[in-house]
Amino acid sequence: MRMTVFEAGISRDPSPAAELADLRWAPAGERDLVLAPAVRDHVLPLLAGRLI
């Protein structure tokens, strides 16, 4: 699988538009959150490492 992930800075709270029907913040450690394995196992750990 090949996946491209974009990172961007924004100056206001994001809101859903166009093809996005819903958008929400997901707190770290949320137990009931279902994510694609590629996001859960690769993208989030990389992003979390950048916050340190």
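User: Where is the place of Thr 4 relative to H1?

Analyst: In this predicted model, Thr 4 sits in the segment before H1.

User: Why is Thr 4 called exposed?

Analyst: The relative accessible area of Thr 4 is 57%. Exposed means over 50%, so Thr 4 is exposed.

User: How far apart are the C-alpha atoms of Thr 4 and Val 34?

Analyst: They are separated by 20 Å, and the two residues are 30 residues apart along the chain.

User: Where does Met 1 lie, and what makes Met 1 count as exposed or buried?

Analyst: Met 1 lies in the segment before helix H1, which covers 37-50. Its relative accessibility is 87%. The cut-off for exposed is over 50%, so Met 1 counts as exposed.

User: Which residues form a nonpolar patch with Met 1?

Analyst: Met 3 and Val 5 form the surface patch together with Met 1. The accessible area of these residues together is about 370 Å².

User: How many helices and strands does the protein have?

Analyst: There is one helix, and there are zero strands.

User: Why is the protein described as more spread out than a compact globule?

Analyst: The globule rule gives 10 Å for 52 residues. The radius of gyration of the protein is 13 Å, well over that value, so the protein is more spread out than a compact globule. Along the principal axes, its C-alpha atoms fill a box of roughly 25 × 25 × 25 Å.

User: What percentage of the residues count as buried?

Analyst: Of the 52 residues, 4% count as buried, where buried means under 20% relative accessible area. The protein exposes about 5,400 Å², of which carbon and sulfur atoms supply 58%.

User: What makes the contact between Glu 30 and Arg 24 a salt bridge?

Analyst: The distance from N to O between their side chains is 3.3 Å. A salt bridge requires the nitrogen and the carboxyl oxygen to be within 4 Å, so this pair meets the rule.

User: Why is Glu 30 called partly exposed?

Analyst: Glu 30 has 29% relative accessibility. Buried is under 20% and exposed is over 50%, so Glu 30, in between, counts as partly exposed.

User: How do you know that Asp 41 forms a salt bridge with Arg 40?

Analyst: The closest N and O atoms of Asp 41 and Arg 40 are 2.9 Å apart, and the limit is within 4 Å. Asp 41 is partly exposed at 40% relative accessible area, and Arg 40 counts as partly exposed at 44%. By this rule the protein's count comes to two salt bridges.

Definitions and conventions: Residues numbered from 1 in each chain as written. Predicted model: local features only at pLDDT ≥ 70, side-chain atom pairs only at ≥ 80, totals over all residues. Heavy atoms only, no water. Helix = DSSP H or I, 4+ residues; strand = E, 2+ residues; numbered from the N terminus. Rg over C-alpha atoms; globule rule 2.2 N^0.38 Å. Buried < 20%, exposed > 50% of the residue type's maximum accessible area, 1.4 Å probe, protein only. Areas by Shrake-Rupley, 256 points an atom, 1.4 Å probe, with all protein chains shown as cover. Patch = residues over 30% accessible without salt bridge, like charges linked within 9 Å, V, L, I, M, F, W, Y side chains within 5 Å.
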